[in-house]
Amino acid sequence: QLTPSSFLRIGQLSNVDLNEDVHELETELPRQRPNEIPHNEKLLSLKYEASALWDASLDYDNSENQLFLEEERRINHTAFRTVEIKRWVICAMIGILTGLVACFIDIVVENLAGLKYRVVKGNIDKFTEKGGLSFSLLLWATLNASVVMVGSVIVAFIEPVAAGSGIPQIKCYLNGVKIPHVVRLKTLVIKVCGVILSVVGGLAVGKEGPMIHSGAVIAAGISQGRSTSLKRDFKIFEYFRRDTEKRDFVSAGAAAGVSAAFGAPVGGVLFSLEEGASFWNQFLTWRIFFASMISTFTLNSVLSVYHGNAWDLSSPGLINFGRFDNEKMGYTIQEIPIFIFMGVVGGILGALFNALNYWLTMFRIRYIHRPCLQVVEAMLVAAVTATVGFVMIYCSRDCQPIQGSTVAYPLQLFCADGEYNSMATAFFNTPEKSVVNLFHDAPGSYNPMTLGMFTLMYFFLACWTYGLTVSAGVFIPSLLIGAAWGRLFGISLSYLTKGSIWADPGKYALMGAAAQLGGIVRMTLSLTVIMMEATGNVTYGFPIMLVLMTAKIVGDYFVEGLYDMHIQLQSVPFLHWEAPVTSHSLTAREVMSAPVTCLRRIERVGTVVDILSDTSSNHNGFPVVESNPGTTQVAGLRGLILRSQLIVLLKHKVFVERANLSLVQRRLKLKDFRDAYPRFPPIQSIHVSQDERECMIDLSEFMNPSPYTVPQEASLPRVFKLFRALGLRHLVVVNNRNEVVGMVTRKDLARYRLGKEGLEELSLAQT
């Protein structure tokens with residue numbers, strides 16, 4: 001077992017950058033970067049729980065102090081009605097903006113990719129006649145690598161949190177872990193530019209996953225009524241400046257992102273429920289559905305105007321799988337076992353994909369942690385992708401007649417006049433278009449050899465690409481791999497059954513796509529609905545559900561889903577729905593952190609400053625106790641106060657001199673705390689003079705007088721349920737005399753998990 005001191009720093013992983021410029025006040029220390037960073041997945045990072053410089057756990061429980069209760073009592077029925085209307089307005093704005101961002105991405109990608117493919121196609125056509133096709137290869141690889149270089153540089157050097165699809169980060173955020181910079185405006189800008197560049201650069205990626213992250217950032221920004229990045233406060237929506245409200249809007253933003261990406265508003269709501277939101281209520285469902293619908297409608301309206309048919313609302317999402325006809329594409333009862341078999345194949349291939357990606361990510365954490373190396377790797381992948389595509393098209397002799405085909409950029413190469421190279425439709429296109437072609441091209445459009453080679457190559461390319469330092473999703477590549485082997489499966493079936501009518505390759509391409517995606521990301525409920533909504537066909541609901549369930553069961557037997565795996569590799573203290581099954585033997589006394597730093601109800605300012613400045617015990621919550629003057633014995637628990645509240649009190653100098661305790665302290669309003677949220681200043685920036693250190697501070701009206709507590713004999717599952725269901729950040733452990741004996745925080749519970757040999761306890765690393 002490695003000691004925490006040997007963990008220098010867990011490097012920048014595909015998803016969350018752990019090296020963080022927390023505050024402008026902190027000076028950047030010269031850091032020696034080791035060539036290899038030891039990393040062990042049996043670790044839990046303390047970074048996310050508490051650091052003196054940022055709050056790493058979100059507080060979903062309102063602090064019911066006197067200020068909060070006074071404000072709530074003042075609000076009458078009409079004011080509550082206004083707040084409710086504001087919530088709906090914010091959801092509508094989230095939907096509209098998410099839809100517009102999706103339109104922007106779509107239109108820019110279409111134009112830039114179109115330009116690139118036209119240039120390369122013209123070049124290939126020219127050199128096919130004269131000879132010297134190596135120039136075309138060079139041109140294609142250079143174009144790809146240079147576009148991806150720009151996309152990777154902005155992510156690696158400006159905002160590393162924008163790497164990957166962003167779904168694992170949003171999952172963590174909704175679970176209650178605060179990942180630095182995850183919902184900042186800068187992240188959104190880098191995310192959008194990065195995803196455009198990585199798709200145009202021809203990487204094996206999709207633009208759908210990042211839409212979910214983008215929606216979440218938009219939601220977090222709008223709901224606060226101000227931008228901390230731009231230093232602008234619009235003085236609206238101030239009531240929503242707290243973690244509880246912000247989280248609800250972020251789950252609406254994630255749903256709006258899904259529905260803009262796939263044209264699947266119901267799928268968006270279910271995605272938010274299944275993958276994201278840890279806390280749910282009925283009103284929230286309705287508001288989230290509203291945001292999703294608005295987002296799809298906005299995207300639809302703008303794209304229909306852009307495509308020149310203003311009133312035709314026929315492009316609801318960024319990817320549209322096209323209509324599947326019932327006449328040609330119905331299924332019979334004897335096909336059900338075939339679909340289940342495809343689910344098994346998808347589960348095995350998905351598990352293989354995840355296992356390969358796991359080892360690759362471990363390698364990246366250890367060796368590719370410098371930003372410049374990350375950019376070089378991204379450029380290498382882009383060049384290799386173009387080269388593989390070119391070589392496969394060059395070697396393929398699969399020619400199809402152009403007449404009646406819907407190919408955007410038909411490459412003739414060595415085919416006869418009036419024919420095009422069928423391998424080129426798969427590689428020489430954006431992945432979204434390739435998926436639709438595999439679903440809908442007429443039987444006989446692809447040679448089985450072409451599909452087999454394409455599946456094999458694209459599988460490894462997509463696996464290598466996920467986790468690069470670029471903004472990119474894994475949805476579309478998974479669908480594309482699945483659609484290719486599914487179509488191959490359908491062609492083999494029609495050979496075996498002598499071309500009977502039910503063995504339509506397009507239908508099997510759809511099932512293969514579902515099986516592959518389900519095997520990689522392990523979503524069931526939401527993915528079934530997303531696939532149904534994207535194909536516009538309810539009849540396939542049952543087979544798609546069967547395929548996804550089978551893929552999930554088979555995949556889970558080998559290795560966990562891609563997103564959960566990346567969360568675990570990050571050492572993030574993520575809390576699952578339930579405590580580990582075999583944990584009843586543990587009690588609160590064994591899992592809690594002790595000793596606890598307590599404050600007295602009336603405390604010396606110097607003591608508070610010293611406790612907050614102590615870097616060794618960077619706690620975020622402090623129990624407030626009543627202690628009898630003159631005795632050392634600690635009396636019962638009176639309340640709980642947060643670091644952020646203490647900092648605001650010190651900043652506003654809310655204290656009185658010791659001699660005049662009868663004087664009234666300066667009154668603060670709840671607005672003072674909301675204005676400081678979410679970036680509270682660090683204690684180092686607050687100056688307290690020597691005289692002020694001797695003053696006294698009365699915490700009575702600022703502390704939460706009724707914090708949640710558990711007796712020290714409570715079992716771990718009981719503590720876990722209370723902590724997880726209420727979204728707590730601190731749970732005070734008391735003895736039978738109501739004296740504080742310990743504190744349970746997120747890391748204490750996330751430490752225990754079920755391993756191969758039963759209950760495991762993870763070590764804690766300071767990185």
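**View 1. The second largest cavity of this predicted model holds about 190 Å³ of space.** Of the 20 residues lining the second largest cavity, those closest to its centre are Tyr117, Gly202, Thr385, Phe427 and Asn429. Several helices take part: H2 (77–130), H3 (134–158), H12 (371–395), H13, H14 and H15 (448–465) each supply at least two residues of this lining. H12 has the largest share, with three residues. By class, the lining of the second largest cavity has twelve nonpolar, seven polar and one charged residues. Where does the second largest cavity lie? Domain 1 (83–127 + 163–307) and domain 2 (333–570) both give residues to its lining, so the cavity lies between them.

**View 2. Thr430 sits in the loop that links helix H13 (422–427) with helix H14 (431–440).** Is Thr430 buried or exposed? Its relative accessibility is 8%, and because buried means under 20%, Thr430 counts as buried. If you set aside the neighbours within four places in sequence, Thr430 is in contact with Ala113 and Tyr117.

**View 3. The largest cavity holds about 490 Å³ of space.** A search of the whole structure finds seven cavities of 30 Å³ or more. The largest cavity is lined by 24 residues, and Ser63, Arg241, Arg242, Leu642 and Tyr677 lie nearest its centre. Helix H7 (243–262), helix H23 (643–651) and helix H24 (670–676) are the elements that give two or more residues to this lining. H24 gives the most, with three residues. By class, there are eight nonpolar, seven polar and nine charged residues in the lining of the largest cavity. Both domain 1 (83–127 + 163–307) and domain 3 (588–766) give residues to the lining, so the largest cavity lies between these domains.

**View 4. Strand E8 (residues 621–625) is mostly covered, with five of its five residues buried.** Follow the side chains along E8: Gly621, Pro623 and Val625 point one way, while Phe622 and Val624 point the other way. Which residues on other strands are the bridge partners of Val624? Leu599 pairs with Val624 in E8, and Val624 has Gly639 as its bridge partner in E9. At the level of whole strands, E6 (residues 599–600) runs parallel to E8, joined by two bridges. Strand E9 (residues 637–642) pairs with E8 in the antiparallel sense over five bridges.

Note on methods. Residues numbered from 1 in each chain as written. Predicted model: local features only at pLDDT ≥ 70, side-chain atom pairs only at ≥ 80, totals over all residues. Heavy atoms only, no water. Helix = DSSP H or I, 4+ residues; strand = E, 2+ residues; numbered from the N terminus. Buried < 20%, exposed > 50% of the residue type's maximum accessible area, 1.4 Å probe, protein only. Contact = heavy atoms within 4.5 Å. Pairing = 2+ DSSP bridges. 1 Å grid on protein atoms, 1.4 Å probe; cavity = no way out; pocket = protein on both sides within 12 Å on 5 of 7 lines; lining within 4 Å. Points joined across faces, edges and corners; volume = space filled by probe spheres on them. Nonpolar A, V, L, I, M, F, W, Y, C, P; charged D, E, K, R; others polar. Domains from an automatic or database assignment.
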